[in-house]
Amino acid sequence: NRSQLSMFYTRIVCVDNMKNEIFFYLQIIGWSLIAAITVFALASTCIVRCCSPVSFLQLQFWKTYKEKENEVLEKKSVEHAKEMAERNVKSFFESVAPKPFKTPSRGAWEEISMLYTYSETDQYYSTIHKYAEKKIKNTHVSSSFVNVDIPAVLDFVDGSKHPADSHI
């Protein structure tokens, strides 16, 4: 009985030791994976920033500009939509023709909604900036040209990253 009991106890201890050893190795693998991903992310961020076509200070300005432009666009969009809604509701309830109301054309919305393409020759900070500058020159933005080589450091411009993700 005692020999069977001691063998049983030995098996339980061995199984527990094996479980602990497996857990230990899994912990090492997990932390190694986390460390490798962190090092890779840091290295890729450094490399992208070192190869950036714009300086650090210009990039900071650009990010600030884009953030402020988005805030102003949202605020103006809300104001404009409210004015248009008030005009239409007033027209409905008073049964009168609505007063003329200027609003951007569909083409204008499409131009400012295009994916931003970085150009070393034209210095625009966004598609709205490009649209406004081209509007001043009385020319239209060509929507047929799309530059695929957008530097990774400029990802925040087209809105693919949230402002919280775009820290420097």
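Over which residues does the pLDDT stay under 50, and how many contacts beyond four places in sequence does the model have for them? The pLDDT stays under 50 over residues 140-148, and the model has eleven contacts for this stretch beyond four places in sequence. Here pLDDT is the predictor's confidence in each residue, from 0 to 100, and contact means heavy atoms within 4.5 Å.

This is a predicted model, in which local features need pLDDT of at least 70, side-chain atom pairs count only at pLDDT 80 or more, and totals for chains, interfaces and linings use all residues. Residues are numbered from 1 along each chain as its sequence is written, and side-chain values use heavy atoms, with hydrogens and water left out.

**Confidence**

- The protein has an average pLDDT of 81, and 77% of the residues score at least 70.
- Residues 162-168 also have a pLDDT below 50, and this stretch has ten contacts in the model beyond near neighbours in sequence.
- Where pLDDT is low, the predicted coordinates should not be read in detail.

**Ser-91**

- Ser-91 lies in helix H2; helices are DSSP runs (H or I, at least four residues), numbered from the N terminus.
- Ser-91 is buried, at a relative accessible area of 14% (buried means under 20%, exposed over 50%, partly exposed in between, with a 1.4 Å probe and protein chains only).
- Beyond its neighbours within four places in sequence, Ser-91 contacts Val-96, Ala-97 and Pro-98.

**Ser-95**

- Ser-95 belongs to the loop between helix H2 (56-94) and helix H3 (106-113).
- Ser-95 is exposed, with a relative accessible area of 66%.
- The phi of Ser-95 is positive, near 50 degrees, in a residue other than glycine.
- Most residues other than glycine have a negative phi.

Technical notes
Helix = DSSP H or I, 4+ residues; strand = E, 2+ residues; numbered from the N terminus.
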